[in-house]
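Please keep the structure open beside the text.

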Amino acid sequence: MGLKRRVTSRGDPSPVMAFNDCSTSPLDIVPSQECSIFLSVIHNHSLNTTPSSAYTPPAYGMSCLSMSLGVISNLTGLAVLSRSYTRFRGRAKAPFVLLASALLLTDLAGQVTLGAFSLYLHLEQRRQQRALQQYFEPVRAFCKLFGACMVFFALCPLLLGSAMAVERCMGITQPFLHATVATVGHVRLSVLLLVSLALSLATFPLLTVGGYVPQYPGTWCFLPVHGPLSLAHAGLVLSFSGFELAALFLSVLCNTVSGVVLLQARRTSRRARHGTAKHRGPVSASAAIHSLDVEMMGQLAVINVVSCLCWCPFLICVSSSVGKFLAGSPPSYPIRKQEQQLLLSLRLASWNQILDPWVYILLRRAVLRRICCGLQPDKLTVTQNSSSTGSHRR
C-alpha cells in the first residue's frame with residue numbers, strides 16, 4: 001500500500017509511517033477512492049493526538065461493563081418474554097411478543113459481537129502502545145467487518161421497534177384486520193425482511209460502495225463522517241440516518257394514534273358503566289392496567305422514549321457533519337472535538353440495547369400491580385378484606 005518506515009541513523013525502523021503513492025502501487029489492495037478517506041483519518045489523528053510519550057490508550061473498563069450489563073439484561077428479558085409467549089401463544093399478544101423477542105435477540109447479538117470487537121481493539125491498542133508508543137490503526141479487513149456490524153445492529157432494533165408500533169396500532173384501531181394479517185407466519189416474514197434490509201445497507205460498503213474507517217480513539221469503526229467525503233460515503237451516511245430517523249418517527253406516530261384511541265375507548269367504557277349501574281364493591285388500585293393493550297402500549301411508549309433519547313444525539317451528530325460537508329460550510333468545532341462528541345453520542349446510543357430488556361422486565365402487569373398497590377395500601381387492604389369476606393360467604 002505504499003507504506004514505508006523511516007530508518008534512523010542506528011538502522012532501526014522508526015515508528016513514524018510515511019504514505020507514498022497510495023493509489024499507484026501495483027500491490028495496493030485499497031481502492032483509490034477509499035485511500036484518501038483512510039489517509040485523511042490518519043492525518044487527523046496525527047495532527048490531534050498527543051505526543052507519543054504522553055499518549056495513554058483508552059481504558060476498556062466501560063466496554064466490559066456495558067457488554068456485561070447488556071448480556072445479563074437481554075438474557076433476563078428473553079426469559080420473561082419466553083414465559084409470555086408460552087402463555088399467550090395463539091392469542092392477540094403472540095405477534096407482539098414474537099417481535100419483542102426478535103428485538104431482544106438482535107440486542108443480545110449486538111452486545112456480544114460489538115463488545116467483543118471493541119474489547120479486542122482496546123487490548124490490541126494497549127499492546128501496540130506499550131511496544132511502539134504510537135497510534136494504532138486496526139486492520140482494514142477487521143475494520144470493515146466491525147463497521148458492517150455497527151450499521152447492522154444499529155438499524156435492526158429501531159426497525160423492529162417500528163414494526164412493533166405498527167402491529168399494535170393495527171391491533172387497536174383495526175382489530176379484525178389485525179386478526180387476519182398479523183399472524184405468526186406474517187410476523188416472521190416481516191422480521192426476515194427488516195433484517196435483510198439492515199443487512200443490505202450494512203454490506204454495501206463491503207462491495208466497494210463506500211467504506212468503513214477507524215473512528216476516534218481507534219477502538220471502533222464506522223462510515224466516514226469527518227473530513228473530505230465522497231458522494232458514496234455521504235449517501236450511505238445519510239441513508240443510514242434517514243432509515244433510523246424514519247423508524248423513530250413511524251414509532252412515535254403509531255404510538256400516538258394508538259394512545260389516543262385507547263384513551264377514547266376508556267372514556268366511552270367509563271361513561272357506559274356509570275350510565276347503566278354503579279360498581280358493587282371496591283375497585284382495586286391496579287384496575288386501570290388490567291388490559292393487555294394498555295400493558296403493551298405502555299411498554300412501547302417507554303421503548304420509544306428510550307430509543308429517541310439514546311439514538312437522536314448520534315444521528316443528529318452524524319447527519320449534521322455530513323450536511324455541513326455537502327453544503328460546503330466550514331466545521332464550527334475542531335476535528336478532535338467533533339470526534340469526541342461522536343464518541344460520547346455513540347456511548348449513549350449503546351445504552352439503548354441495555355435498557356430495552358428492562359422495559360419488558362419492569363413494565364409487566366404483575367409488577368405494575370404491586371407498585372400501584374404499594375402506593376395505595378389502603379385500597380389494597382380493603383380489597384383483601386372484601387375478597388376474604390366473599391370467600392367466607394361462599
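The bond joins Cys 143 to Cys 221, with an S to S distance of 2.2 Å. Its torsion about the S-S bond is about -125 degrees, so the disulfide is left-handed. Cys 143 lies in helix H4 and Cys 221 in strand E4 (residues 220-222), so the pair ties together parts that are 78 residues apart in sequence. Helices (H or I, at least four residues) and strands (E, at least two) are DSSP runs, numbered from the N terminus. Both Cys 143 and Cys 221 are buried, where buried means under 20% relative accessible area, exposed means over 50%, and partly exposed lies in between (1.4 Å probe, protein chains only).

Before going further, a word on the ground rules. This is a predicted model, in which local features need pLDDT of at least 70 and side-chain atom pairs count only at pLDDT 80 or more, while totals for chains, interfaces and linings use all residues. Residues are numbered from 1 along each chain as its sequence is written, and side-chain values use heavy atoms, with hydrogens and water left out.

What about other cysteines? Cys 64 counts as partly exposed, at 26% relative accessibility. Cys 312 is in no disulfide, and the nearest cysteine sulfur, that of Cys 308, is 4.9 Å away. Cys 312 is partly exposed too, its relative accessible area being 24%.

Now step back to the whole chain. The protein chain contains twelve helices and four strands, and 42% of its 394 residues count as buried. If contact means heavy atoms within 4.5 Å, then among contacts between residues at least 6 apart in sequence, 79% join residues at least 24 apart. The chain exposes about 20900 Å², and carbon and sulfur atoms supply 65% of that area; accessible areas come from the Shrake-Rupley method with a 1.4 Å probe, and for residues only the protein chains shown count as cover.

Return to helix H4 (residues 140-173), where you will also find Leu 145. With 43% relative accessibility, Leu 145 counts as partly exposed. Its C-alpha atom is separated by 8.2 Å from that of Leu 206, which sits 61 residues away along the chain.

The charged pairs come next. A salt bridge is a side-chain nitrogen of Lys or Arg within 4 Å of a carboxyl oxygen of Asp or Glu, and the structure holds three of them. In one, Glu 124 pairs with Arg 127, the closest N and O atoms being 2.4 Å apart. These two are three residues apart in helix H3 (residues 94-132), and are thus separated by about one helical turn. An α-helix has 3.6 residues a turn, so residues three or four places apart point the same way. Glu 124 is buried at 15% relative accessibility, whereas Arg 127 is partly exposed at 49%.

Another salt bridge links Arg 168 and Glu 167 (3.1 Å, N to O), and both of these residues are buried. Glu 339 and Arg 336 also meet in a salt bridge, at 3.2 Å from N to O. Both lie in helix H9, three residues apart, or about one turn of the helix. Glu 339 is buried at 6% relative accessibility, and Arg 336 is buried at 15%.

How does the length of H9 work out? The expected span of a helix is 1.5 Å times one less than its number of residues. For the 16 residues of helix H9 (residues 335-350) this should give 22 Å, and the end C-alpha atoms are 23 Å apart, which agrees. Among the buried residues of H9 are Ile 335, Leu 342, Leu 346 and Ala 349.

Helix H10 (residues 352-362) includes Asn 352. Is Asn 352 buried or exposed? It is buried, with a relative accessible area of 1%. Leaving aside residues up to four places away in sequence, Asn 352 touches Leu 158, Val 306, Ser 307, Cys 310 and Trp 311.

We finish at the surface. Met 62, Leu 65, Leu 69, Trp 351 and Leu 355 form a nonpolar patch there, with about 420 Å² of accessible area together. Patches are made of residues with over 30% relative accessible area and no salt bridge, like charges being joined within 9 Å and nonpolar side chains (Val, Leu, Ile, Met, Phe, Trp, Tyr) within 5 Å. Helix H2 (residues 61-87) gives the most to the nonpolar patch, with three residues. Leu 69 lies in helix H2, and at 32% relative accessibility it counts as partly exposed.

Terms used. A disulfide is a pair of cysteine sulfur atoms within 2.5 Å.
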